[in-house]
Amino acid sequence: MTDSASSQHGDVVVLTAAHDLRAQVRSWQTAGNTVALVPTMGALHAGHLALIAEAQRRCTTVVVSIFVNPLQFDRDSDFAAYPRPIDDDIAACAAAGVAAVYAPTASSMYPPGFDTTVMPGTLAERWEGEFRPGHFAGMATVVTKLLAAARADTAVFGAKDAQQAAIIQRLNTDLDLGTEIVVAPTVREPDGLAMSSRNEHLNAAERHAAVVIHAALTRLVHQVNHNTPHAAALDEARAMIDAEPLARIDYVAIVDAATFTAIEADQPLGERALAIAAVWIGGTRLIDNLPFAR
Ligand code: AMP
């Protein structure tokens, strides 16, 4: 496809250029429709489909972007191994009633001479920002480009990437992008594992082991909500994960979901308290979170 190609796949129009996306969204809006954007990196699963359903509840017309953003990968091997089943993804979008897929190439997103980075501030310093240097600047840059290109009424993101969602809400406000940002709940496998495109990398033993992340967060929330001191509950959650031989912790913490500052042992939880974790299962790094409010 050229940089300006658009093509029809069933009822879905597939766009590859930012100006075509902009023109398409504008023409829908001019005709009286409201448009929601659902940004993804593809390898669509039920979590993505739930975002699409939420977008359809809020707007008449939904656009899904599919772009494996090289700027937000801190490891080349992760970028190379990231699944890219584009034909299946377009078919899934068609089946879900999505109106358009925006699937730009890396060279059209970042043409020669591209020289601008959106740098998030304190929200991006810790947790994912600390363990994945450059990740949030890459994510913020591409999300800003997507929001600016589409100028959709609404954009829907997942609570599974809670720190990312907080940064996106902040940049949307700070940069006056004017799109309503909606954060939809995490969709899980029946055993509690948060759905993720990276779950595809897990072998059978790792898939079994990965359940420990949600189990430990559930236990942590339960303990603290039943008055176990934070520090003791965090120790227990970490010990639960450490007891799984295939698991290795990057962090387990209790934070304020709006600021991503740690809630220390002597501080009250507050309504926005969130238990967060990043854990390696074998060679796959997974993140998850659980709110304390019931
Ligand atoms: P990704 O394709 O992994 O970059 O994710 C695209 C969007 O889907 C992001 O807003 C994610 O937070 C969201 N998402 C990913 N996994 C889930 C899930 N299990 N439940 C809900 N949303 C999700």
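Mentor: Start with the polar contact: it is a pair of N or O atoms within 3.5 Å. Here, an N or O atom in the side chain of histidine 48 is 2.9 Å from an oxygen atom of the ligand. Keep in mind that this is a predicted model, where local features need pLDDT of at least 70, side-chain atom pairs count only at pLDDT 80 or more, and totals for chains, interfaces and linings use all residues. Residues are numbered from 1 along each chain as its sequence is written, and side-chain values use heavy atoms, leaving out hydrogens and water.

Trainee: Which backbone atom lies 2.8 Å from a nitrogen atom of the ligand?
Mentor: That is a backbone N or O atom of methionine 195. A polar backbone atom of glycine 158 is 2.8 Å from an oxygen atom of the ligand.

Trainee: How much of the ligand does the protein bury?
Mentor: Accessible areas come from the Shrake-Rupley method with a 1.4 Å probe. Taken alone, the ligand exposes 480 Å², and the protein buries 93% of that.

Trainee: Which residues come nearest to the ligand?
Mentor: A residue is near a molecule if one of its heavy atoms lies within 4 Å of it. There are 17 residues around this ligand, and His48, Gly158, Asp161, Val187 and Met195 come nearest.

Trainee: Which helix gives the most to the shell around the ligand?
Mentor: Helices are DSSP runs of H or I with at least four residues, numbered from the N terminus. Helix 2 gives the most, with three residues.

Notes:
Polar contact = N/O pair within 3.5 Å; in protein donor to acceptor, adjacent residues only side chain to side chain. Helix = DSSP H or I, 4+ residues; strand = E, 2+ residues; numbered from the N terminus.
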